[in-house]
Amino acid sequence: MLASTASGGYALADARFTRWVAAFKPRAIKRGISARTYDSVMGSVTPDTSVYALQRRQPEFTEQLWQYINRRCSEWRVNVGKERAQEQDALLARIEKDYGVDRYLLLGLWGMESSFGDVMDNPKYMRPIIPALAALAYGEPRRRRYWEAELLNALTIIERGWARPADMIGSWAGAMGHTQWMPEVWLRLGTDYDGDGRANPFGKPDDALAGSARYLVERGKYRRGEAWGHEVKLPPGGHRYADNRTWRDYATWHKHGLRRADGGAFERLGDKVKLWLPVAGGPAFLVGQNFRSVYSYNPSSSYSLALVHLGDLIAGRGGFRQHFPGGERIPTTEEIKEIQRRLTERGFHTDGIDGRTGSDTVKAIGAFQKSVGMKPDGYAGLKVLARLRQSP
């Protein structure tokens, strides 16, 4: 790694990185990156060594599943998602026609990945990716081959003229734009959907949404016309079927006594799904191939459930009928603003009163909870609001 506290250690580390840049150049040339491009980008790069700590950082607070979902399916996100659904109606209709991906699932993905583009270039959360990938490729031994490949992909994008280094802003791991493409995804599945001559995850959302729809179809095997799944009501003893492994068609599940929790009918009885009960006593779901498609985008069951639920809420399909044990309803934007205001009045820094639970608000809540003897989970919920409303 680059960081060093020994006398002269930083100069030594700089020299080692310079030698690594020179040694890595032949691989870039072999990949088709010109010496001119390589030298102009890598010859002046200062590796972003802060990514080492970010990669190893453990979550400060542990979220329960219902908290994770509530935060990501906030009233703010749902309302903005409904606005984007109207604003981008023609684009979403075109993507549905070309790729078959449900517009609301795609809106859920956009909302999850960048809050509909709101944070994709926010320096509080994003950074230049070339210095980050250079640091990881040089100094992170555990996944060095992966980071080297992504650095080469990023340099190839620059070589093709799709972006300048300064344009490539993203997460510490290199994900960029409206739907947070890694360089490999940009390079392999990026789609010039607006016809301007280059695939671009920034700017207008056309390329980003179309490219992500393409990803879901080509890598996630998304199936046109299928639902991601449904929340279901189990018959007595029905939990015994919830092995999250056995695939049956909807007709067979119906014969076993499972019904849609919203009272509707299963539309496509031949589609195969499996029964998943994420938390004992909580809502149960029949999930199909399109849920797996979302999982391929980010291999986390919590992420996938939050994403499809956000899409359903944007579509007006309602929340879960069965509550999670110990769960609360999603707080309103005004309630979150009140939490932020009351925290600020007590001297806890939330970085503004905007009704959104960013990292500063989470940290402020955790600090407040510790100060009053509550379990410090950092969750902006109704219990925290009730405690803040009490006299100091």
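# Reading helix packing and the core

Guide: In this predicted model, helix α4 (residues 65-72) is largely enclosed by the rest of the structure, because seven of its eight residues are buried.

Visitor: Which residues of α4 are buried?

Guide: A residue counts as buried when its relative accessible area is under 20%. In α4 the buried residues are Leu65, Trp66, Gln67, Tyr68, Ile69, Asn70 and Arg72.

Visitor: Which helices do the buried residues of α4 pack against?

Guide: The buried residues of α4 pack against α5 (75-87), α7 (103-114) and α14 (301-314).

Visitor: Which residues of α4 and α14 meet?

Guide: On the α4 side they are Leu65, Tyr68, Ile69 and Arg72, and on the α14 side Ser302, Tyr303, Leu305, Ala306, His309 and Leu310.

Visitor: At what angle do the axes of α6 and α11 cross?

Guide: The axes of helix α6 (residues 89-99) and helix α11 (residues 206-218) cross at roughly 25° and come within 10 Å. Because of that angle, α6 is roughly parallel to α11. As for handedness, α6 passes α11 in a right-handed crossing.

Visitor: And which residues make the contact of α6 with α11?

Guide: Leu91, Leu92, Ile95 and Tyr99 in α6 meet a set in α11 made up of Asp206, Leu209, Ala210, Ala213, Arg214 and Val217. Eight residues of the contact of α6 with α11 are nonpolar and two are charged, while no polar residue takes part.

Visitor: Turning to the core, which residues of the largest nonpolar core touch the most other members?

Guide: A nonpolar core is a set of buried residues joined through side-chain atoms within 4.5 Å. The largest nonpolar core has 87 residues, and among these Met42 and Trp186 touch the most other members. Helix α8 (residues 129-139) gives the most to this core, with nine residues.

Visitor: What does Trp186 touch?

Guide: Leaving aside residues up to four places away in sequence, Trp186 touches Ile157, Trp162, Ala163, Met168, Met176, Trp181, Ala199, Asn200, Pro201 and Phe202.

Terms used: Residues are numbered from 1 along each chain as its sequence is written. This is a predicted model: local features need pLDDT of at least 70, side-chain atom pairs count only at pLDDT 80 or more; totals for chains, interfaces and linings use all residues. Side-chain values use heavy atoms; hydrogens and water are left out. Axes are lines fitted to C-alpha atoms, for helices over the stretch in contact, and angles run from 0 to 180 degrees between N-to-C directions. Helices (H or I, at least four residues) and strands (E, at least two) are DSSP runs, numbered from the N terminus. Angles under 35 degrees count as roughly parallel, over 145 as roughly antiparallel, 65 to 115 as roughly perpendicular and the rest as oblique. A crossing is left-handed if the near helix is turned anticlockwise from the far one by less than a right angle, and right-handed if clockwise. Contact means heavy atoms within 4.5 Å. Ala, Val, Leu, Ile, Met, Phe, Trp, Tyr, Cys and Pro count as nonpolar, Asp, Glu, Lys and Arg as charged, and the others, Gly among them, as polar. Buried means under 20% relative accessible area, exposed over 50%, partly exposed in between (1.4 Å probe, protein chains only).
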